[in-house]
Amino acid sequence: MKLNIKNKGFFAAAFTAAMTFTACTGDLDVTPIDPNLDTPENVLTNTDAYNQMLAKCYIGLAVSSPDGSSGDPDISGIDGGFGQYLRALFNLQELTTDEAVIGWNDQTIKDLHGLQWTSSDVFISACYSRVLYQISICNEVIRRIDAAGNSKDEKMQQYRAEARALRGLSYLHAIDLFGNVPFTDENSEVGGANPKQISRADLFEWLVKDMEETADLLPANPEKYRAGKGMAYMILAKLYLNAAIYTGTANYQKCAEYCQKIIDLGYKLESKADYYKMFCADNDQMLGVGHEIIFSVYQDHINTQAYGGTTYIVCGSIGGTMNPAAYGLGGDGWGGIRVTPQFVDKFDSNDQRGKFYTDGQTKAITDISNFQSGYAFTKFTNLKADGSMISGANAFPDTDFPVFRLADVYLMLAECEVVGGVSGINGKARFNDVHTRAGLATDDDITRQDIIDERARELAWECHRRSDLVRFNLLTSADYLWAYKGMNNNVGTPHAVLNKYNLFPLASSDVMSNPNLKQNEGY
């Protein structure tokens, strides 16, 4: 089966060894290898074969299964739909905050809204398992490259660096969500002893060193969808942004330094007119140096037909009286995800980012199971930038998921200046670049509250919100309440919760099977 990606550039499509990939340049054509299906010794016969194996590291962010769907998932015992990497990440980073609620009654989903989960929560286990699985795949690619006779070749070293960057992304999610996690790298024994647990602080130090080395090996201007220096610098900036949480010691100065390195690479903030091109079906045109998106996860209505990623975000946010075709869908919406009234209140009427669908919807959420209770949020669509539909579009969007954007870099600089006290970095000016692009007046007196609110408006549904609220001590405290916070089974009134909910538990099944692991405090 031939997968013609046309203008999408490199796409890590690790479906099966029988499938081939066609990119816009011949030297990127790959026949993806799935380590679950193929014996590496039989297929890793040349440099291109290692590029094909690397593909699995990329596609693992987009689908749950080697055939490009949610069926026959990589991880047994985890549903291929809600266990998909981006969907699992969205559930933990967004449904636990003011930015999203969901109307379904799926298993323990209500516990995420209420910050009432346990160590056996299936949605938490799904994310935990997916993150660790992704790390293991990247480790294996690095091992195979190291064992190759031509491991020192330039291309092989680039592939190795890309695998390290992708592993770094998953370790960033691991340290942020779960803290003290089982640790493995390319030197770990395969199929041997249980992995040992690493402390959050030690993982921070290891990951900083690993990403600093990796950044030096990656290209400054990578091909589309591939990891470059900007991705490694973003991981480092995020680590230092949250250093006080991860290590107990803040380091806004280092965060600012890596933010500036990203800017120096040549990424550019998109114009007001082009803003929503970053969240549409052909948003790959906004990816890469000279544009705003630094790294994104590929999505395609033919090749990534899974119930996660932007399929989950776009389809889940359409329901009620909304016309799916108006948002580029050929199928029906799922009628699930909305926003809280507290999130809506953050937007001025002139803010173009306040893309709420209100027809037939109530702002207040009085019945969470009813999609029309709460405003719908239409930031992500499956329409092309010119407003047209993708040819042959169906229920699976083509909209790539932007993992890292320059606007985030600008807002991190603003936080480094306003909250961290770092001088000479033009943080407030960068804040206003983002703020005024949305159609708002310049803010001359930027406060700590302005920073966290602007991050909510600008980065909504991009899987940053929970981390931001933790850093500002707002996730669990009484200082900020929103619909369903602290409520058990959606009953009662919003209230503060125990601080243990600033961190998710390790999957209880993993703790029971691995005596090296100690559960996070309070679980």
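1. Both Arg 143 and Glu 140 are buried, where buried means under 20% relative accessible area, exposed over 50% and partly exposed in between (1.4 Å probe, protein chains only). Arg 143 forms a salt bridge with Glu 140, with the closest N and O atoms 2.9 Å apart; a salt bridge here is a side-chain nitrogen of Lys or Arg within 4 Å of a carboxyl oxygen of Asp or Glu. Because the two are three residues apart in helix α5 (residues 122–147), about one helical turn separates Arg 143 from Glu 140. Helices (H or I, at least four residues) and strands (E, at least two) are DSSP runs, numbered from the N terminus.

2. This is a predicted model, in which local features need pLDDT of at least 70 and side-chain atom pairs count only at pLDDT 80 or more, while totals for chains, interfaces and linings use all residues. Residues are numbered from 1 along each chain as its sequence is written, and side-chain values use heavy atoms, with hydrogens and water left out.

3. Asp 453 forms a salt bridge with Lys 346, the closest N and O atoms being 3.2 Å apart. This pair links distant parts of the chain, with Asp 453 in helix α15 (residues 448–459) and Lys 346 in the loop between α12 (341–344) and β6 (356–357), 107 residues apart. Both Asp 453 and Lys 346 are buried.

4. The structure holds zero disulfides, a disulfide being a pair of cysteine sulfur atoms within 2.5 Å. The sulfur of Cys 416 is 3.6 Å from the closest cysteine sulfur, in Cys 255, which is too far for a bond.
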